[in-house]
Amino acid sequence: MKTPFILASSSPFRKSILEKILPVFESFSPNIDESPKANESVIELVERLALEKAKTAVQFYQQGVVIGSDQVAVFETPNNKVQILGKPHTRDNAIKQLSLFSGNKVRFITSLAVFDIATNNTLVTHDTTDVYFKTLRQAQIEQYIDKEQPLNCAGSFKSEGLGIVLFDKILGEDPNSLVGLPLIKLTNLLAQIGIDPLELK
């Protein structure tokens with residue numbers, strides 16, 4: 001029996017991305033506390049959350065290679081203060097986030113964890129994408145939020161949808177990262193545990 005692949009996410013967008021390289025996998029919705037810990041860096045936070053999501057698979061599965069991911073938006077204010085921005089959850093918070101991003105660069109850090117339940121082996125990494133936002137009018141921001149309802153998306157937008165019209169440019173190694181799953185780095189991590197997606201298709 002081949003080792004099953006498991007995606008620790010209920011996101012339809014992450015599922016769609018993973019289908020590009022893995023023909024068959026299962027998925028579940030991990031339930032973890034995503035609060036930052038004291039003195040935790042952005043990288044430490046996002047990588048810890050990806051790994052915690054992946055490890056919750058032991059509640060449902062006895063074997064399998066689990067893939068977990070998380071994402072945060074990082075914005076540097078004019079006075080060089082760094083703000084970590086997660087999911088807005090409410091319309092008002094989404095408006096505040098996009099108003100803050102208007103005309104500015106926002107860095108999105110997307111983490112990735114691979115966890116082998118049988119061996120307890122774990123691999124963790126992250127990918128970085130810089131998004132340059134257009135100067136947005138308040139009416140544009142509200143119209144976008146009302147149309148796409150990106151309330152459960154880090155940064156208050158869906159780049160795989162209408163959110164792309166908010167940007168001037170995107171700089172990064174992997175276009176999949178901004179949507180939520182860095183496939184290039186995933187294939188590298190899978191290779192480290194002896195899995196070649198080309199052999200699975």
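This is a predicted model: local features need pLDDT of at least 70, side-chain atom pairs count only at pLDDT 80 or more; totals for chains, interfaces and linings use all residues.
Buried means under 20% relative accessible area and exposed means over 50%, with partly exposed in between. The structure holds 8 salt bridges and 8 aromatic pairs, and the points below walk through a selection of them.

- Glu142 counts as partly exposed with a relative accessibility of 29%, and Arg91 counts as partly exposed with 34%.

**A buried salt bridge and a network**

- Arg48 and Glu40 form a salt bridge whose closest N and O atoms are 2.6 Å apart.
- Buried or exposed, where do Arg48 and Glu40 stand? Both of these residues are buried.
- Glu34, Lys53 and Asp70 are joined in a network of salt bridges.

**Aromatic pairs and a cluster**

- Among the 8 aromatic pairs found in the whole structure is that of Phe28 and Tyr61, which is tilted because the ring centres are 6.1 Å apart and the planes meet at 55°.
- Phe28 sits in the loop between β2 (26-27) and α2 (42-55), and Tyr61 in the loop between α2 and β3 (65-76), so that the pair links distant parts of the chain, 33 residues apart.
- Phe28 counts as buried at 9% relative accessibility, and Tyr61 counts as buried at 17%.
- Phe133 and Phe157 form an edge-to-face pair, with 5.8 Å from centre to centre and 75° between the planes.
- Phe133 lies in strand β6 and Phe157 in the loop between α4 and β7, so this pair ties together parts that are 24 residues apart in sequence.
- Both Phe133 and Phe157 are buried.
- Which aromatic cluster do Phe133 and Phe157 belong to? They form one cluster together with Phe75, Phe101, Phe108 and Phe167.

**Charges over rings**

- Lys169 has its charged end over the ring of Tyr132, 4.8 Å from the ring's centre.
- Lys55 lies over the face of Phe115, at 5.8 Å from the ring centre.

- Leu162, Ile164, Val165 and Ile170 make a nonpolar surface patch of about 300 Å².
- Leu162 is found in the loop between α4 (138-148) and β7 (167-172).
- With a relative accessible area of 36%, Leu162 is partly exposed. Patches are made of residues with over 30% relative accessible area, a cut-off that bears on this residue.

Terms used: Residues are numbered from 1 along each chain as its sequence is written. Side-chain values use heavy atoms; hydrogens and water are left out. Patches are made of residues with over 30% relative accessible area and no salt bridge: like charges are joined within 9 Å, nonpolar side chains (Val, Leu, Ile, Met, Phe, Trp, Tyr) within 5 Å. Accessible areas come from the Shrake-Rupley method with a 1.4 Å probe; for residues, only the protein chains shown count as cover. A salt bridge is a side-chain nitrogen of Lys or Arg within 4 Å of a carboxyl oxygen of Asp or Glu. Helices (H or I, at least four residues) and strands (E, at least two) are DSSP runs, numbered from the N terminus. Buried means under 20% relative accessible area, exposed over 50%, partly exposed in between (1.4 Å probe, protein chains only). Rings of Phe, Tyr and Trp (its six-membered ring) pair if their centres lie within 6.5 Å; planes under 30 degrees apart count as stacked, over 60 as edge-to-face and the rest as tilted. A charge sits over a ring if NZ of Lys or CZ of Arg is within 6 Å of the ring centre and within 35 degrees of the ring normal.
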